[in-house]
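Subject: Structure for your review

Dear colleague,

Please find below the structure that I am handing over to you.

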Amino acid sequence: MDFMLQAVKEAFFGIRHNHGGPFGAIIVRNGKIIASAHNTVIKTNDPTAHAEVNAVRKAAKKLKRFDLSDCVIYTNCEPCPMCLGAVYWAHLDKMYYGNTKTDAKNIGFDDSFIYDEIELKLSKRRLKSIQKLPEEAIKAFKAWANSSDKIEY
């Protein structure tokens, strides 16, 4: 079984059912599919319900762990910044992708503005970002840093 073809099949399922954009992802562990997902932004009214994020969530739930370092992801398109972040945070071993971010841009899924925004100083970004109550917010960080029973990830 070619796992990339399964990712493409997931993308088509999402398209046929109008669940979201043309994106599908498969997570594999030891040669077996652990999770299969597609974009469900429209179906769920969740802007974070991209194929890769959905697949990571399903795999983590199925394996009952947040570290997927012994897994591989197949996605029919190079991930957007959010999905790429999810892949890194899940510690996936490897990623295979079909289409490029340029291919996605050419059909209306252009993430380049996010990459551009990240490079800007906060004061220059389109999203107004204002720091508020940092002396209160830092208390949670200090509590985490000093916690003896925290589980790092």
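Predicted model: local features only at pLDDT ≥ 70, side-chain atom pairs only at ≥ 80, totals over all residues.

Helix α3 covers residues 51-63 and helix α4 covers residues 81-89; their axes are 8 Å apart and form an angle of about 25°. Angles under 35 degrees count as roughly parallel, and therefore α3 is described as roughly parallel to α4. The crossing of the two helices is left-handed. On the α3 side, the residues that take part are Glu52, Val53 and Val56, and they meet Met82, Cys83 and Ala86 of α4.

Two buried residues

Asn39 sits in the loop that joins β2 (32-38) to α2 (41-44). Its relative accessible area is 5%. Because buried means under 20% relative accessible area, Asn39 is classed as buried. The side chain of Asn39 makes polar contacts with two backbone nitrogens: that of Gly21 is at 3.3 Å, and that of Val41 lies 3.0 Å from a polar atom of the side chain. Setting aside residues up to four places away in sequence, Asn39 touches His19, Gly20, Gly21, Phe23, Ala49, His50 and Ala51.

Ile26 belongs to strand β1, which spans residues 24-29. With a relative accessibility of 0%, Ile26 is also buried. Which residue lies 48 residues from Ile26 along the chain, with its C-alpha atom 5.1 Å away? That residue is Tyr74.

Two residues with positive phi

Most residues other than glycine have a negative phi. Two residues of this model may be read with that in mind. His91, in the loop between α4 and β4 (94-99), has a positive phi near 65°. Its relative accessibility is 35%, so His91 counts as partly exposed. Leu133 is placed in the loop between α6 (112-119) and α7 (134-146), and its phi is likewise positive, near 55°. At 48% relative accessibility, Leu133 counts as partly exposed.

Yours sincerely,
A colleague

Key. Residues numbered from 1 in each chain as written. Heavy atoms only, no water. Axes fitted to C-alpha atoms, helices over the stretch in contact; angles between N-to-C directions. Helix = DSSP H or I, 4+ residues; strand = E, 2+ residues; numbered from the N terminus. Parallel < 35°, antiparallel > 145°, perpendicular 65-115°, else oblique. Left-handed = near helix turned anticlockwise from the far one by under 90°. Contact = heavy atoms within 4.5 Å. Buried < 20%, exposed > 50% of the residue type's maximum accessible area, 1.4 Å probe, protein only. Polar contact = N/O pair within 3.5 Å; in protein donor to acceptor, adjacent residues only side chain to side chain.
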